[in-house]
Amino acid sequence: MPGHFVLTIRLHNPRYHGKGDWPPAPARVFQALVAGAARGRELPAASLSALRWLESLPPPVIAVPQARLGREQALFVPNNDADTVGGDPFELATLRVKKSVRPRLLSGEGELFYAWPVGDTAPPVEAFELALCLYRLGQGVDAAYASAEIVDQSVLDEMLASHRGTCHHPASDGAGNM
């Protein structure tokens, strides 16, 4: 029976501060995996091969908790422009800029599923290790951790049926929502 590579991402707090659409796009998950696997400016060869394998897969089914927008908050953070004050760390307070943040408040435990169809092909073991490297999704305050597994179609159907949020399936022609 065809299998699915299921990446389960758990947010430490049931909030998501990432910009853009809900649910987080597979590209954002991919970016989080790259950030987690990177060692400084380098990506280990094993991680790179797992990332190449992942990006070769068709679009995933995505299951996420229900979410609603929270209250917008204003934060004042240092602008990343220390050169304008001669690099003096005591002058960084003069570089503060206003940044608006509006988190999504998630129902339940903040668990997201991404299920890529893999057929009968076994994923590389590095793909499972890659999942363990994920440490955040979205903004810096969105601490997260992940696990990966292979499940067959009946297990995936059961996971999606018991999921309390929304399930997003890729459209057959790649356009629109399904």
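**Notebook: helices, strands and cores**

I began with helix 4, where the face turned away from the buried side carries the exposed residues E158, A161 and S162. I am working from a predicted model, in which local features need pLDDT of at least 70 and side-chain atom pairs count only at pLDDT 80 or more, while totals for chains, interfaces and linings use all residues. Residues are numbered from 1 along each chain as its sequence is written, and side-chain values use heavy atoms, with hydrogens and water left out.

I noted the terms before going on: buried means under 20% relative accessible area, exposed over 50%, and partly exposed in between, with a 1.4 Å probe and protein chains only. Helices (H or I, at least four residues) and strands (E, at least two) are DSSP runs, numbered from the N terminus.

**Entry 1: helix 4**

I looked up which residues of helix 4 (residues 153–162) are buried, and found L156, M159 and L160. Seen down the axis, these buried residues fall within an arc of 95°, so they line one face of helix 4; the arc is that of the directions from the helix axis to the C-beta atoms. I then asked what they pack against, and listed strand 1, strand 3, strand 8, strand 9 and strand 10 (166–168), where contact means heavy atoms within 4.5 Å.

**Entry 2: helix 1**

Helix 1 (residues 26–37) has twelve residues and reaches 16 Å from its first C-alpha to its last, close to the 16 Å expected at 1.5 Å a residue; the expected span is 1.5 Å times one less than the number of residues. I found V29, A32, L33, G36 and A37 buried in helix 1. They cover an arc of only 130° around the axis, which puts them on the same side of helix 1. I kept a general rule beside this: an α-helix has 3.6 residues a turn, so residues three or four places apart point the same way. The buried residues of helix 1 pack against strand 1 (3–11), helix 2 (45–55), strand 8 (111–119) and helix 3 (125–133).

**Entry 3: two residues of strand 1**

I took H4 in strand 1 and read a relative accessible area of 8%, which makes H4 buried. The side chains of H4 and Q153 are joined by a polar contact of 2.6 Å, that is, a pair of N or O atoms within 3.5 Å; within protein, one must be able to donate a hydrogen and the other to accept it, and residues adjacent in sequence count only if both atoms are side-chain atoms.

T8 is also found in strand 1, and at 2% relative accessibility T8 counts as buried. When I left aside neighbours within four places in sequence, T8 was in contact with E111, L112, F113, Y145, A146 and S147.

**Entry 4: the cores**

A nonpolar core is a set of buried Ala, Val, Leu, Ile, Met, Phe, Trp, Tyr and Cys residues joined through side-chain atoms within 4.5 Å. The largest nonpolar core has 29 residues, and those with the most contacts inside it are L7, I9, L33, L112, Y114 and L137. Strand 1, helix 1, helix 2, strand 3 (61–64), strand 8, helix 3 and strand 9 (144–152) each supply at least two residues of this core. I also noted a second, separate core of nine residues, which includes V151, L156, M159 and L160.

**Entry 5: A50 in helix 2**

I turned to A50, which is found in helix 2 and is buried, with a relative accessible area of 1%. A50 and P123 are 73 residues apart in sequence and 8.3 Å apart in space, C-alpha to C-alpha.

Strand 3 pairs with strand 8 in the antiparallel sense over three bridges; two strands pair if DSSP finds at least two bridges between them. The bridge partner of A63 in strand 8 is F113. Three bridges also join strand 3 to strand 10, antiparallel again, and V64 stands opposite T166 in strand 10.

Lastly I looked at an open sheet of three strands, which has the order 2-7-4 with antiparallel pairing. Its edge strands are strand 2 (15–16) and strand 4 (67–69), each of which pairs on one side only. Two bridges join strand 2 to strand 7 (residues 104–106), and R15 stands opposite L105 in strand 7.
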